[in-house]
Amino acid sequence: MTDQVTDHALELPSSSKTNGKARSGQPGNPSESTPRRPEDRTPPVRSDIGTILLHWTLVVAIVTSLLTGIRLSADAENAWFSKLFEPILPQGEIWTWHYVSAVFVLALIFAYAAYMTLGRLKRRISSKKIVVLTLPASTKLRLAAVNVIAYWVLFGAVLTLSATGVLLYLGHGGIWVTVHYTAALVVLTYIVAHVVLHYSYGGVAQLLRLFRPQSLRRFPGMSRHPLALALALGAIVLVGAVSLDFATRDSLFVAEGATLPVLDGKLDDAAWQSAPPVFIRTQQGSNLNGTGESTVEVRAVQVGDKIAFAFRWEDKNRSLKRHPLVKREDGWHMLNNRADISDETAYYEDKFSVAFSTTDTFGGGGATHMGPKPLGDKPAAFNSRGLHYTTDGSLVDVWQWKASRGGMLGRVDDMHFSTPVEPNEAQAAGKSRYSAGYNADEGKAFYVYNYIGDPVTHYHGTVGVRRLPNDYKKMSALMGTVDLATDAIADEGSQWWMFEAESVPYSPEKDAEIPVGTVIPGVLIQGEYSGSRADLLGGSKWQDGYWTLEVVRDMDTGQSQDLAMKDGLFMWVSVFDHNQTRHTRHSRPVRLTFN
């Protein structure tokens with residue numbers, strides 16, 4: 001923000017008379033017979049040092065906040081405008097940069113307001129200038145009035161961004177996501193308008209004044225040190241905001257119990273009665289009745305060398321249909337909308353994830369890296385959304401419950417985020433999904449997929465089938481009501497997976513027995529869980545629009561890919577409503593506290 005009133009001294013035109021010198025064009029002065037353009041001795045316009053310092057610091061903070069925010073916005077399922085900026089958007093650990101820059105914007109706004117007040121500079125944005133637009137006035141005065149209006153629009157947009165940003169940070173989503181995004185677009189528009197207005201007012205010289213410092217002119221009643229006081233206020237706001245954040249974060253108190261709960265997805269065990277709950281608002285996920293929000297209730301209890309967690313979250317639909325197979329006239333089809341890019345949001349199971357880290361760094365312990373290719377020397381993400389990995393050699397312990405891949409059978413998959421692994425040949429060639437540092441713990445799971453994708457059609461045509469049911473009618477009965485609507489509620493006790501004993505290897509002869517229109521599961525259960533991947537046992541149940549999950553694990557498994565449960569760990573939770581990767585999220589971690 002700069003003052004469009006110049007500080008130039010008034011210059012009067014030169015007298016037509018000369019002191020003893022002949023006029024131009026008179027005889028005897030042939031060298032001055034051609035008129036010359038008067039030399040422009042107008043000094044360049046300048047701005048005071050405080051304005052220049054605060055202006056450019058604020059510009060850096062706002063641009064950083066905008067670019068990182070647009071990167072996060074481009075990750076939304078139906079984003080299109082944000083994606084237009086893809087070539088200039090940063091990649092990598094975006095969350096920290098976004099939050100830190102946002103806090104600096106807030107502090108600098110307070111500092112700027114204080115500086116203008118203490119330095120008697122409020123005339124720059126005085127609303128009295130707007131009256132010029134109703135009167136006959138020069139173009140410059142009108143431009144100055146329009147610029148004042150633009151300033152106030154900017155103030156309103158930045159305040160809206162700050163307020164909605166705080167709400168999002170606290171876990172409120174829904175309409176506030178839209179308002180936050182709209183305010184960001186207003187600020188982006190203002191930046192362009194700001195440059196155009198200043199150029200129209202005074203050309204390049206007006207733009208360059210922010211590179212030409214001068215001392216602040218003194219006025220009666222002005223503070224002796226307006227810049228120092230303003231910066232001090234900004235620092236107080238900055239420290240206050242950060243301190244308030246840390247002081248108000250939730251802690252999950254781990255109770256002590258005598259007996260472990262029965263893993264049945266119910267919270268009626270005695271162990272849970274003494275465990276105080278924490279409620280975590282999560283948002284910006286896919287589905288969830290269009291809100292993208294789900295509040296998660298968490299409890300924890302230690303029983304000897306074991307620890308048990310209970311998670312209860314909102315999900316109006318009991319979804320078990322993970323890529324089911326349907327037989328059509330031309331063969332078997334795997335139902336999906338974006339399986340080829342690992343970004344399914346239609347035919348998928350419900351999931352739940354909890355991550356533990358030794359650090360409270362933003363982005364799930366600093367393990368979330370946004371953008372189509374955040375690792376320049378590694379393969380890109382199929383879905384262009386980013387990759388999970390750590391950059392400092394640390395480990396994030398990830399537990400993932402998958403409804404149809406063992407979740408309803410008492411299993412929770414033990415996984416982790418760590419240093420990016422080297423891609424294999426298929427991943428390097430872009431034929432297989434590369435997941436960087438997101439991998440399963442050592443060992444085996446008991447689920448595999450019942451389809452074989454065609455590399456040409458990428459799951460959008462016919463697929464190969466590994467196994468067919470021994471008795472397709474019996475299999476259909478086990479699946480309950482076969483409603484292929486993506487938001488249909490699966491029947492209680494229904495089975496959208498197929499055990500090895502219930503199936504046989506694919507053969508054309510067996511296929512010929514199955515009529516067109518038959519639906520079979522896309523998940524096979526065979527073998528057993530083993531190794532570090534088998535550390536977690538669980539019990540789950542869906543009822544009245546809520547999932548409840550109980551998980552038990554050793555306090556310390558002794559495995560290198562697990563974190564020991566101890567005081568001071570930080571926790572994040574994520575809800576997946578029949579989608580593959582578009583889970584809900586929350587910014588503030590919850591700290592584990594043991595009695």
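**A note on cores and aromatic pairs**

1. Let's start with Met565: setting aside neighbours within four places in sequence, Met565 is in contact with Ile307, Phe309, Phe356, Trp399, Arg553, Met555, Leu592 and Phe594. Contact here means heavy atoms within 4.5 Å. Please bear in mind that this is a predicted model, where local features need pLDDT of at least 70, side-chain atom pairs count only at pLDDT 80 or more, and totals for chains, interfaces and linings use all residues. Residues are numbered from 1 along each chain as its sequence is written, and side-chain values use heavy atoms, with hydrogens and water left out.

2. Met565 also belongs to the largest nonpolar core, which has 47 residues; Phe309, Phe311, Phe352, Phe356, Met565 and Met571 touch the most other members. Strand E6 (residues 306-314) supplies the largest share of this core, four residues. A nonpolar core is a set of buried Ala, Val, Leu, Ile, Met, Phe, Trp, Tyr and Cys residues joined through side-chain atoms within 4.5 Å. Buried means under 20% relative accessible area, exposed over 50% and partly exposed in between (1.4 Å probe, protein chains only). Helices (H or I, at least four residues) and strands (E, at least two) are DSSP runs, numbered from the N terminus.

3. There is a second, separate core of 31 residues, including Leu58, Ile125, Leu161 and Tyr201.

4. Have a look at Thr164 in helix H3 (residues 139-169) too. Thr164 is buried, at 3% relative accessible area. Not counting residues up to four places away in sequence, Thr164 touches Trp176, Val179 and His180.

5. The structure holds 21 aromatic pairs. Rings of Phe, Tyr and Trp (its six-membered ring) pair if their centres lie within 6.5 Å; planes under 30 degrees apart count as stacked, over 60 as edge-to-face and the rest as tilted. One of the pairs is Phe417 with Tyr438, edge-to-face at 5.5 Å centre to centre and 75° between the planes. Phe417 sits in strand E13 (residues 413-417) and Tyr438 in strand E14 (residues 438-440), 21 residues apart. Both of these residues, Phe417 and Tyr438, are buried.

6. Phe446 and Tyr529 have ring centres 4.9 Å apart and planes at 75°, so this pair is edge-to-face. Phe446 lies in the loop between strands E15 (443-444) and E16 (447-449), and Tyr529 in the loop between strands E23 (523-525) and E24 (530-531), so the pair ties together parts that are 83 residues apart in sequence. Phe446 and Tyr529 are both buried.

7. Finally, Phe309, Phe311, Trp313, Phe352, Phe356, Trp399, Trp401 and Trp547 form one aromatic cluster.
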